[in-house]
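Have the viewer open and try each one before reading its solution.

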Amino acid sequence: MGKTYIVEHLDEELGQWSELEYITIARETGNFCLSSIPSTLVLPQELKNTPGFVAETRGVEEVYGQDPALKARVCLLDPAAKQELSPADGDLFDVFLFGGILGDDPPRDRTSELRKKGFTGRRLGPKQMTTDTAVRVTRIVAEQRIPLDDIPYLDFPELKFNEHESTQMPFRYVKRDDGKPIMPEGMIDLIRKDSDKAIDDLF
Ligand code: SAM
């Protein structure tokens, strides 16, 4: 049976970084629901138009938390979970739930907001991943049945923009065949713009 991937919106707004991640998740999974969207939040048109994307104003607890049999089929990807996600979990769970939180360094454990709701948790290893990476790794393990430890990763890659400018990303990514991190289309340009802005703001 096809899996459903849910990101529960937890941030105040939905910025460009999240938009690029969510477009990528919808494209890669073909079955992506962004839940708990406030009625006041205007979703970016490109995200709404991406095939595989579904917008849901209800929270995940309202959709899956009421019926125990339904709730038991939901797995929360939780950096603080005791158990790692394994290929066998592909049989146990139909729905994989992620926190709609931008990565932060050091991590502030905002996934705890979902942990409190009592969904079964699984960890994807000890390092913080971007949300699209966490979804990608979950698909590889639960759908392709490849163990977590067999996935090629790239930790804290340095993105070099030119001879003088580079930035280090404080996250774990999946490594592409060419040795580069898998990232959403447009993300490197966005990171470059953000880092230029941060430098401008210093002056
Ligand atoms: N710093 C964040 C926090 O406060 O929890 C982590 C945010 S991470 C960018 C977004 C989501 O990806 C998390 O809520 C979690 O669902 C998933 N995630 C990222 N790294 C993970 C890991 N190592 N294990 C399990 N889930 C992870």
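**Exercise 1.** What volume does the largest pocket have? Work out what lines it and what sits there.

*Solution.* Keep in mind that this is a predicted model.
- Start with the space: the largest pocket has a volume of about 490 Å³.

**Exercise 2.** Find which atoms of Asp109, Arg110 and Thr111 reach oxygen atoms of the ligand.

*Solution.* Go residue by residue.
- Asp109 uses a backbone N or O atom, 3.0 Å from a ligand oxygen.
- Arg110 also comes in through its backbone, with a polar atom 2.5 Å from an oxygen of the ligand.
- Thr111 uses its side chain: a polar atom there lies 2.6 Å from a ligand oxygen.
- Now check the cover: on its own the ligand exposes 560 Å², and the protein buries 99% of that.
- Step back to the whole shell of 22 residues, where Leu77, Asp104, Arg110, Thr111 and Gln128 come nearest.

**Exercise 3.** Which helix gives the largest share of the lining of the second largest pocket?

*Solution.* 
- This pocket holds about 350 Å³ of space.
- Its lining has 19 residues, with Trp17, Leu102, Gly103, Phe171 and Asp194 nearest the centre.
- Helix 1 (16-29), strand 9 (166-168) and helix 8 (187-201) each give two or more residues.
- Helix 8 gives the largest share, with 4 residues.

Note on methods. Residues numbered from 1 in each chain as written. Predicted model: local features only at pLDDT ≥ 70, side-chain atom pairs only at ≥ 80, totals over all residues. Heavy atoms only, no water. Near = heavy atom within 4 Å. Polar contact = N/O pair within 3.5 Å; in protein donor to acceptor, adjacent residues only side chain to side chain. Areas by Shrake-Rupley, 256 points an atom, 1.4 Å probe, with all protein chains shown as cover. 1 Å grid on protein atoms, 1.4 Å probe; cavity = no way out; pocket = protein on both sides within 12 Å on 5 of 7 lines; lining within 4 Å. Points joined across faces, edges and corners; volume = space filled by probe spheres on them.
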